[in-house]
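These are my notebook entries on one protein chain. I record what I looked up, entry by entry.

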Amino acid sequence: MRQALRSGVAAICIAGVAAPAVLASPPKPAAPTGGLDVHVAQAEGFSRIEFHWAGKGAQAQTRRDGQILTFRFGRDADPDIARLRTAPPRWIKTAETRHVGGRLELVLTLTEDADAKVGASDGATFVNVFPKPAPAAPVQTAQVVTAPAEPEPPRPNPVPAGGVVHMDSKVANGQVALSFTWANPAGAAVFRRGDAVWIVFDAAATLDISKAPRGITQFSAIQAYRGTDYSAVRIEASRDTPLFAVAEGSTWTIAFGPGQQSQPSIVRLQRDPESGPPALKAPVAGATRIIRMPDAEAGDTLTVVTALGPAKGLASRRDYVQLAFLPSVQGLAIQPYVDDLAVQREGDIVRLGRPGGLTLSPAWASQRRAQDSLGAPQAAAMPALVDYDHWPRTGEGGFLARYDALLDAATAESGNRDRDGPVAARMALARFLVGSELAFEAIGVLNDTARSHPELLENAEFRGLRGVARMMARRYKEADADFSSPALADDPSSALWRALSAARQAQWTEVRAQFAKGGEAYALFPPVWRARFARADAEAALRQDDLVGADARINLALQEKVDPLEELATRLVQARVIEAEGHKDRALRIYTAISGAPLESLSAPALLRATQIRQEQGSITPVQAAVVYDNLRYRWRGDATELEAIRALGRLYLAQGRYREALEALRSTSGGRQDLPEAVALQTDLATAFRALFLDGQADGLEPVQALALFYDFKELTPLGADGDLMVRKLVKRLVDVDLLPQAAELLKYQADNRLDGTPRAEVSTDLAVIYLMDRKPEQALQAINASRTTVLPAALTAERRLVEARAWSALGRYDSALEILGKDNSSEAQELRAEITWKQKDWAAAAPLFEKALGQRFKSPGPLSSEEEGRLLRAGVAYSLAGDTGSLARLQSRYQGFYDQAHNPEALRIALSGEPTGKMGVGDFGRVTADNEMFAGWVAKMKNRFKTARAPVGPPSRPAASAKQAQAGPGPAKG
């Protein structure tokens, strides 16, 4: 076992070192030998040779002597011309290179019936070699044949008086705008050719560019031209510089650099079905003129189609065999490759053709057909099996050629919307995309196919193929919908995918059941997927405490020849198995090795588990562990690793008494994968921590204000029902103790208004009313009582609410209303309140017996009077004295004169009960001693004691549960 472990750790270390090499990009191909690359192409009517310099090339000087064509370049090189020598294209006999004066000369010998045309395009020099015209035919010059110009519709002359158009410029926000204002709207074309931007107008005028900005980065040089029927500006600008054209009235503005201008409309090129021979047509709204414009830099002539605004053009270059459309933001620019290209304009329609018709297949079409010799990808042996040996093959043409060929076939097939039409080409394209692991593209193709052919939803291969694509895209629930199709019920290959999907969703029992069903198909999958299936089953066995089964599946996965990162993923699960077996030191060594992996999805969980083991062993302090956990929760997010790191950090903070930091950490998830068991456990930790703070008393050590702030900040964690109400009441008790009455009232008011009904609401509202009375807010106390009235309440609660309401009316001066509410209530609390009310009414004859009755038989019990009892005795004596009841006053004096010496204010008692206010204490002194403030302070003290021994809530709310909105809102309003 130790030897196997050492081998495993060694493999991990080797994999960790080798992984960057696996992920590194392949080396770039070397530059062409000598710096000059020669390209040779053969078409039906001509041969073409292009000379491309590596880096900044120099234009060639051309000399022709009969059938010998000599190119003299600006510097020396050693190009590869073996193709020209061994198998020259048609109309070329041979080729040779010479080195003269430090420069390269390339000599081409043409056949006797050949002619040639030399030019430059996009920085490259080219020569087109073609047969000479027949002797009987008139000799044609190397010009574009343009159809006779049709009569122009009447249009105001755009050229201003004097024939000069002045260019204005503006530089702002990294953009340069060049404006040309004409007398009337002018047609224009704006296009790119190589490193130059051409601005062509359909009127002959002198363009004054003297105000062109200098020393800017958007372009480097500008030059104006004037032709017989046009005027133009050529600007040298980088191909990466954004370009815009905007027409406003008679002004054209050409902008260089990023800006807020809108993109031009797209000119749609299409086959012309009405022209007979193959031709092209392009609708160009507002087309004004077709201009033949020489390009001195390239040595050829372009055909330019100008048009009125708004801007419309071609976003990219379009290449055909006999011509090319240059990219434009306004109008069209055509580069002809043949001499007899005809361009005509019929209103807004531009037509292009040749006498014998255009060859409309792109130049690469024949290459694509050759590259597609592999044939369409065929269905695999099982519906959900991926044929990695055949599906992703691209052939010599590479990925794009293979993809384009399959896409063309699928597009042609999708043109037939008949529900009984074929789907083979689209399914072949989907197989290629799945084999290339382009999951989202494959899903799009398959979904589109299913919309036109709903019957495919009952096809086993379609369901399996789309399920695999959705698995690769991590859309596990959507994949389950496909794999649960009845068509795949007994398919072993689908069972393995269902097992993997269940593992991604932490459904461990389902993983083991489906993996067992897929045993027949396991060996048919490629090694990488076999390793992933076995690893998923190993993790499921580990979660179910089947360590023997987990170890067996780990060994099965390690038998596969996969890349180092896949092996590291398996080793990570193996380390968890070893840890579960109790060998933490050995697991720690594996975790430490994997934590250096270049893939965060491997290194993050390895570092987390390594840190947990080190913390348990005491090799790092809690502070050091907290730093690691805190970094991990931001370093890797969205799966179980993030949740486990947050749980570890929250528990660490709770153990240190850092309650706020603990709750904030436990609440700081990124929101992803809330269906994982770790997410449920995290929410449980959060709820448990909150309950421990505010229900089990852990927050009692905090200052009441701090506890209140903490409660408000995490109020959404308050549980529904009796436990949540008890939390609030415990916090209210602490707030009342320190006279934070408004805050306590706000907590209870939210409870009553948003979380409770029936008896629980009446209880809480009663407490709320008491707090309002303590805070001298009787109107709000009455509102709380009235808003919580209900038909059936316990008798004790009803009596309590009656007393509170009566006290509120008394505080408002409505004494008759207060006495009416008290009615026949003869409880001690009611008698005491009735005595206070009659005292305030100055009904001394009625108040005195009530205060004496409140004392009861206290005169028979020895011991000093309490402050409350002494106050009642004083009020009884004063009331009897003011009522003139000397007999009752004498009785009271005889009973309580033995208590004078031990009283808080013996002189006041002696004078009050004697009925003769003499000596140092007058009537005013008696008023201060028996003031309402004293009675109110005594009642407040009694209420505070009542909150300290508050009753438990009377069960859950009467309604079944709070709404989702209430549950999210929490127990009270947020505090700033």
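**Entry 1**

I began with Arg345, whose bridge partner in S29 is Val350. Strands (E, at least two residues) and helices (H or I, at least four) are DSSP runs, numbered from the N terminus. S28 and strand S29 (residues 349-353) run antiparallel and are joined by 5 bridges. I noted that two strands pair if DSSP finds at least two bridges between them.

As a general rule, strands of a sheet pair through backbone hydrogen bonds, either parallel or antiparallel.

I looked up the other two pairings as well. S19 is joined to strand S20 (residues 280-283) by 2 bridges, and the two run antiparallel. Here Gln270 stands opposite Lys281 in S20. Between S20 and S29, also antiparallel, I found 4 bridges, and Pro283 stands opposite Ile349 in S29.

**Entry 2: source and confidence of the model**

I recorded that this is a predicted model, in which local features need pLDDT of at least 70, side-chain atom pairs count only at pLDDT 80 or more, and totals for chains, interfaces and linings use all residues. Residues are numbered from 1 along each chain as its sequence is written, and side-chain values use heavy atoms, with hydrogens and water left out.

The mean pLDDT (the predictor's confidence in each residue, from 0 to 100) of the protein chain is 80, and 82% of its residues reach 70 or more. Over residues 136-150 the pLDDT is below 50, and this stretch has 23 contacts (heavy atoms within 4.5 Å) beyond near neighbours in sequence in the model. Residues 952-976 also have pLDDT below 50, with 54 such contacts. Where pLDDT is low, the predicted coordinates should not be read in detail.

**Entry 3: two helix pairs**

For angles I used axes, which are lines fitted to C-alpha atoms, for helices over the stretch in contact; angles run from 0 to 180 degrees between N-to-C directions.

Helix H14 (residues 564-580) packs against helix H15 (residues 584-594) at an angle of about 160 degrees, with axes 8 Å apart. H14 and H15 are therefore roughly antiparallel (over 145 degrees; under 35 is roughly parallel, 65 to 115 roughly perpendicular, the rest oblique). Among the residues in this contact are Leu568 and Leu572 of H14 and Ile590 and Tyr591 of H15. The contact residues divide into 8 nonpolar, no polar and 5 charged. Ala, Val, Leu, Ile, Met, Phe, Trp, Tyr, Cys and Pro count as nonpolar, Asp, Glu, Lys and Arg as charged, and the others, Gly among them, as polar.

Helix H16 (residues 600-617) and helix H17 (residues 622-635) also pack at about 160 degrees, with axes 10 Å apart. H16 and H17 are therefore roughly antiparallel to each other. Residues of H16 in this contact include Leu607 and Thr611, and those of H17 include Val628 and Leu632. The contact of H16 with H17 holds 7 nonpolar, 4 polar and 2 charged residues.

**Entry 4: two loops**

Pro310 lies in the loop between strand S22 (300-307) and strand S23 (312-313). The peptide bond from Gly309 to Pro310 is cis, with omega near 5 degrees.

Arg474 lies in the loop between helix H7 (460-472) and helix H8 (476-483). Although Arg474 is not a glycine, it has a positive phi of about 65 degrees.
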